[in-house]
Amino acid sequence: CRYCRYCRSPIVIDQKNIKKLRVRVVVMESTTNYALVEEKDVADGSTPVEPLVYACCLVVFVVSFTVGGASLLAPFLAESPVGLAVGDAWVGVVFAAYPLATACATPLPPHALQRYGSRATVSLGLLVVSLSLLMFGMLPRLIGSHGLGFALMSCRAVGGVGAALCEAGCRSTISGMGWGDHLGKAMAGVEVATGVGAAIGAALGGVAYQACAHTPTPPHARLRAHPRAHPRADQVGERLFGAFLTPLLVAALLPMCTVPAVLALLPPVRPAPEDSSPLGQLVTLPRLMICVSLLFAGAACEGLNPLFESRFTSPPYLLEISQVGLLISAVPFAYMVLALPLGWLTDTLNTGSGAQRRLQLLQAAGWGCMLLSATLLGPADDLLQLAGAPPAVAYVGFPLLGASCSLLIIPSLPDMQRGLTDSDEPARNALCALWNGVYCLGSSLGPMGATMLFGHGGWDGAIAVLIVICAAMAALLGVSGLLHRAASTN
């Protein structure tokens, strides 16, 4: 309690009331005047959590994943006239540009948070995301089809930089709110918010596009397709402004509407205390292992999504696209259902001696669960079909995949931030930005790598690589946890 959590000025505690349960914490404005800042529970030893600030951060995460994630564009981009004009290759690059730019912008949020504070950083990030969505929808009319793929990719990349600012800023704000031994529950709430945002984004994109699919388009607003583009790209029925722009325009309004709440609730700039930990001390072997696990977790969680349709619409499954969509939705549903219980479990395991070992073993269990999921989706499914079992056995792998994602992701940030004090705000900002960047890097590389593996070795080749990764990471984290236990015992 050496610094005020609003302005980082030195604070003084009234010594007469120090033995009482609640004492007044005041900030020194001058040598003689004091101003009341807050009341603090001495018995608890942690800074009170502001519910409105936490709720505002959750709203930012919902909005960010609604408008920024791939779920918004997934229902319509590939089959829209714009997608057909640029081609499948550029559509894939457009999808990968957002998380890849977020990962590349990892060094930016810590400096912005330290200099301008979370209020300005998150607000700027939301405005950048909003403007990038608006330009994404306007570009087809402004430039036509020539160079459209590169322009769309650039807009998504700019939006990814804005997402890095607002998401890392909110994670840092939540981490520094004095949760004490309840940080895991707070991060579980964040993951639930991201899942809700992704679900809203898919519904918003599909419904808004379909609602305006039959709106007449003026002849001058129609996309002039490249001569070598898909034959359907220049069809008479394209609805550029009605169908393509409308979901992006609605999505662009959501971050703008969130900015006033951010300006009103999030804390302003807070100068770093003089005794904060040097950033060079943050690079430790356990944190590097967490980063490697998080990188592969992001790649594994997102990598199979482009392959599910080809796998389960072909024999022996022969499912409809809507049925495949329901199967895929089981992954985020299981993730959100298990998020809060795993947040409680993370807080329980992250206390006392041996916390690092317990969290490493928990993440090793996550890789074991993903190994089981990959086995059911791959070799076990083939063997069961040869034995006469129904193909539905493979469907169990979808909720198991969501459960494994919860086991891998939710404990990772509390594990990375172990050992930090309330005064280590620069270190906390850096670790939150690193966490966000590593996961986004994995989620951008995963679909591209899985698509390449699927092209060379088919579904079985992609699942075989996933099984090897799961087994290697489970063994690495498990052995590390057991060795840490042996060292602590000796």
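What follows is a friendly conversation about a few residues in this predicted model.

Reader: What should I know before we start?

Author: In this predicted model, local features need pLDDT of at least 70 and side-chain atom pairs count only at pLDDT 80 or more, while totals for chains, interfaces and linings use all residues. Residues are numbered from 1 along each chain as its sequence is written, and side-chain values use heavy atoms, with hydrogens and water left out.

Reader: Why is L245 called buried?

Author: Buried means under 20% relative accessible area, exposed means over 50%, and partly exposed is in between (1.4 Å probe, protein chains only). L245 has 10% relative accessibility, so L245 counts as buried. L245 lies in helix α8; a helix here is a DSSP run of H or I with at least four residues, numbered from the N terminus.

Reader: And why is L249 called partly exposed?

Author: L249 is also found in helix α8, but its relative accessibility is 40%, so L249 counts as partly exposed.

Reader: Which residues make the nonpolar surface patch?

Author: L127, L131, L134, L249, L253 and M256 make a patch of about 480 Å². The elements giving two or more residues to this patch are α5 (108–143) and α8 (240–265). Patch residues have over 30% relative accessible area and no salt bridge, and nonpolar side chains (Val, Leu, Ile, Met, Phe, Trp, Tyr) are joined within 5 Å, like charges within 9 Å. A salt bridge is a side-chain nitrogen of Lys or Arg within 4 Å of a carboxyl oxygen of Asp or Glu. Accessible areas come from the Shrake-Rupley method with a 1.4 Å probe, and for residues only the protein chains shown count as cover.

Reader: What makes F312 and Y395 a tilted aromatic pair?

Author: Rings of Phe, Tyr and Trp (its six-membered ring) pair if their centres lie within 6.5 Å; planes under 30 degrees apart count as stacked, over 60 as edge-to-face, and the rest as tilted. For F312 and Y395, the centres are 6.2 Å apart and the planes are at 55 degrees, giving a tilted pair. This pair links distant parts of the chain, 83 residues apart, with F312 in helix α10 (residues 305–312) and Y395 in the loop between α13 (379–386) and α14 (397–409).

Reader: Is F312 buried or exposed?

Author: F312 has 0% relative accessibility, so F312 counts as buried. Y395, at 23%, is partly exposed.

Reader: Why is the pair of Y317 and Y395 called tilted?

Author: The ring centres of Y317 and Y395 are 6.2 Å apart and their planes are at 40 degrees, so this pair is tilted. Y317 and Y395 belong to a cluster linked by ring pairs, which also includes F308, F312, F398 and W459.
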